[in-house]
Amino acid sequence: MAASPNRSLELLYCGSSPPKAAEILKDLNLPAIILYSVLTLMAVIANLVYLEEVIYLLRKVPPTNRRATIMWISGAAPVIASTSCIGMWVPLASMITDLTTAVYVFLLRFSLIYPISD
């Protein structure tokens with residue numbers, strides 16, 4: 001492969017173990033830093049929007065199954081955004097972050113389907 005100015009986006013680590021976070025930070029150039037920053041900012045914004053929604057639901061909606069269901073469903077996007085952000089910054093943790101996302105989605109589906117089967 002010819003040397004290109006955008007080393008961080010090449011497949012430098014094909015066939016080897018995932019890179020450590022320090023290696024990724026060392027290899028980042030300006031477009032990659034901007035991309036990582038924007039994606040991290042989007043994850044933070046997703047968490048803040050979810051926090052605002054939870055505060056609204058706790059104040060305005062009476063404590064019922066409906067409120068809990070809305071909170072579970074609304075929490076899917078911030079959980080996926082947060083775990084993806086952690087997996088982006090710490091590649092060795094990507095398996096754990098994928099597991100966390102899968103468990104949350106399983107619990108979400110289970111909590112929505114289980115009341116129907118009662």
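Buried means under 20% relative accessible area. Leu108 has 12% relative accessibility, so Leu108 counts as buried. The model is predicted.

- Leu108 sits in helix H5, which spans residues 94-117.
- Leaving aside residues up to four places away in sequence, Leu108 touches Trp72, Ile73 and Ala76.
- Ile73 lies 35 residues from Leu108 along the chain, yet their C-alpha atoms are separated by 6.9 Å.
- Thr101 also belongs to helix H5.
- Thr101 is buried because its relative accessibility is 16%, and the cut-off is under 20%.
- With residues up to four places away again left out, Thr101 touches Ile80 and Thr83.

**Aromatic pairs**

- The model holds three aromatic pairs.
- One of them joins Trp72 and Tyr104, with 5.3 Å centre to centre and 25 degrees between the planes; this pair is stacked.
- The Trp72–Tyr104 pair links distant parts of the chain: Trp72 is in helix H3 (residues 65-74), Tyr104 is in helix H5, and they are 32 residues apart.
- Are the two partners buried or partly exposed? Tyr104 is buried, because its relative accessible area is 15%. Trp72 has 33% relative accessibility and so counts as partly exposed.
- Phe106 and Phe110 form another pair, with ring centres 6.1 Å apart and planes at 20 degrees. The angle is under the 30 degrees that stacking requires, so this pair is stacked too.
- Phe106 and Phe110 both lie in helix H5, four residues apart, which is about one turn of the helix.
- Phe106 counts as exposed because its relative accessibility is 52%, and exposed means over 50%.
- Phe110 comes to 46% relative accessibility, so Phe110 counts as partly exposed.

**Nonpolar surface patch**

- Which residues form the nonpolar patch on the surface? They are Trp72, Leu99, Val103, Phe106, Leu107, Phe110 and Tyr114.
- Together these residues have about 690 Å² of accessible area.
- Helix H5 gives the most to the patch, with six residues.
- Trp72, a patch member, is found in helix H3.
- Trp72 also takes part in the stacked pair with Tyr104.
- Both rings of the Phe106–Phe110 stacked pair belong to patch residues.

**Largest nonpolar core**

- Nonpolar side chains tend to be buried together in soluble globular proteins.
- The largest nonpolar core here has seven residues: Ile24, Leu28, Ala32, Tyr36, Ala43, Cys85 and Met88.
- Helix H2 (30-60) and helix H4 (76-89) each supply at least two residues of this core.
- Helix H2 gives the most, with three residues.
- Cys85, one of the core residues, touches Thr40 and Ala43, not counting residues up to four places away in sequence.
- Ala43, touched by Cys85, is itself a member of the core.

How values were computed:
Residues are numbered from 1 along each chain as its sequence is written. This is a predicted model: local features need pLDDT of at least 70, side-chain atom pairs count only at pLDDT 80 or more; totals for chains, interfaces and linings use all residues. Side-chain values use heavy atoms; hydrogens and water are left out. Buried means under 20% relative accessible area, exposed over 50%, partly exposed in between (1.4 Å probe, protein chains only). Contact means heavy atoms within 4.5 Å. Rings of Phe, Tyr and Trp (its six-membered ring) pair if their centres lie within 6.5 Å; planes under 30 degrees apart count as stacked, over 60 as edge-to-face and the rest as tilted. Patches are made of residues with over 30% relative accessible area and no salt bridge: like charges are joined within 9 Å, nonpolar side chains (Val, Leu, Ile, Met, Phe, Trp, Tyr) within 5 Å. Accessible areas come from the Shrake-Rupley method with a 1.4 Å probe; for residues, only the protein chains shown count as cover. A salt bridge is a side-chain nitrogen of Lys or Arg within 4 Å of a carboxyl oxygen of Asp or Glu. A nonpolar core is a set of buried Ala, Val, Leu, Ile, Met, Phe, Trp, Tyr and Cys residues joined through side-chain atoms within 4.5 Å.
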